[in-house]
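Please consider the sequence and the structure shown below.

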Amino acid sequence: MVVLVESFLLALGAPGPADGIGRRRLPRDPERSIRGFTCTVRSGTAPWMPGEHADRPVLHLSATKAWVVPPGVPRRVDLDPPGLRLVSLTVGHEPTDLADECTATVAGRGIELEVCGPWIALAWLGRLAGWPDPVST
């Protein structure tokens, strides 16, 4: 819940947390990638996924959009965040730092991807996709 609150504050333009990611604001341009909010697409199925031995695509997030930049492709591939659902999320422990590395499997129309990146980036993807707030057990 703290992560989503931080995401909400970032969306309002408040300074980011002073952690491994550093203090920052969302870019003024809602189309511009947020520094530090990138993930690597480790594996999965999608029409644009490169072969097994190619560099892995990078998932970028802006204030309003998500897109992938596959290696060797001259332009980005826009994703539809509201069409993505969270299949699984793996965190080694309860995140104490918004930069802690997490792995998620997300699926949508014609794609299923395993992405790896900082906790805050995956939380932001969840915000864009409209996933429900996580609950403590």
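## The end of helix 2

Just after helix 2, Gly 130 adopts a positive phi of about 80 degrees. Helices here are DSSP runs of H or I with at least four residues, and strands are runs of E with at least two, both numbered from the N terminus. The model is a predicted one: local features need pLDDT of at least 70, side-chain atom pairs count only at pLDDT 80 or more, and totals for chains, interfaces and linings use all residues. Residues are numbered from 1 along each chain as its sequence is written, and side-chain values use heavy atoms, with hydrogens and water left out.

Of the 11 residues of helix 2 (residues 119-129), 10 are buried, so the helix is largely enclosed by the rest of the structure. Buried means under 20% relative accessible area, exposed over 50%, and partly exposed in between (1.4 Å probe, protein chains only). Among the buried residues are Trp 119, Trp 124 and Leu 128.

## The nonpolar core

The largest nonpolar core has 31 residues, and those with the most contacts inside it are Leu 59, Leu 61, Leu 113, Val 115 and Leu 125. The largest share of this core, 8 residues, comes from helix 2. Such a core is a set of buried Ala, Val, Leu, Ile, Met, Phe, Trp, Tyr and Cys residues joined through side-chain atoms within 4.5 Å.

Two strands pair if DSSP finds at least two bridges between them. Strand 5 is joined to strand 6 by 6 bridges, and Arg 85 has Ala 107 in strand 6 as its bridge partner.

## Aromatic rings

The structure holds 1 aromatic pair. The ring centres of Phe 37 and Trp 124 are 6.0 Å apart and their planes stand at 70 degrees, so the pair is edge-to-face. Rings of Phe, Tyr and Trp (its six-membered ring) pair if their centres lie within 6.5 Å; planes under 30 degrees apart count as stacked, over 60 as edge-to-face and the rest as tilted.
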